[in-house]
Amino acid sequence: MVFRNLTATSLFRWFVVGCMSVALDTCLFLLLYSLTKNPTISNIISMTSATTFNYLSHYKWSFESNRNHVQSTIIYLISFFTFLSLGTFLVRTFISIGFLPIFAKLGSAAIISPLSFLVMKFFTFKKVVSE
């Protein structure tokens with residue numbers, strides 16, 4: 001019963017999808033970075049891939065949004081590019097000051113994740129009240 005109630009909450013579902021997205025993003029980033037040694041290109045490709053998975057999962061499962069996909073997509077893309085820019089800046093900064101790439105990527109995610117939840121919960125996937 002407790003597990004059923006827990007899995008019904010958007011915060012828990014956001015956390016599960018977020019963990020899967022971070023794992024996908026981080027693994028892909030590390031693979032691409034090992035091949036290219038370019039944190040900018042590696043981060044853009046990995047974050048874009050993870051974000052596609054993230055959007056679809058959050059829309060359908062985490063927030064069970066009923067908002068029009070066009071509206072959600074526009075808001076999501078604005079926040080995506082904002083967080084992509086911030087994330088890339090943080091990764092580059094952390095690597096330039098000596099962080100290992102994995103810690104740079106995870107440190108960036110730790111900063112961006114709480115902000116992302118709030119934006120998704122209250123703006124992107126906000127449920128539309130039926131009239």
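So, α2: this helix has 27 residues and runs 37 Å from its first C-alpha to its last, close to the 39 Å expected at 1.5 Å a residue. The expected span here is 1.5 Å times one less than the number of residues, and helices are DSSP runs of H or I, at least four residues, numbered from the N terminus. Keep in mind that this is a predicted model, where local features need pLDDT of at least 70, side-chain atom pairs count only at pLDDT 80 or more, and totals for chains, interfaces and linings use all residues. Residues are numbered from 1 along each chain, and side-chain values use heavy atoms, with hydrogens and water left out.

Now α5. A straight helix of 24 residues would span 34 Å, but α5 spans only 30 Å between its end C-alpha atoms. Where does α5 bend? At I112, by about 35 degrees, with the proline P114 following within four residues. The bend is the angle between axes fitted to the seven residues ending there and the seven starting there. I112 is also one of the buried residues of α5, as are S116 and F117.

What covers the buried residues of α5 includes α2, α3 and α4, with contact meaning heavy atoms within 4.5 Å.

Technical notes
Helices (H or I, at least four residues) and strands (E, at least two) are DSSP runs, numbered from the N terminus. Buried means under 20% relative accessible area, exposed over 50%, partly exposed in between (1.4 Å probe, protein chains only).
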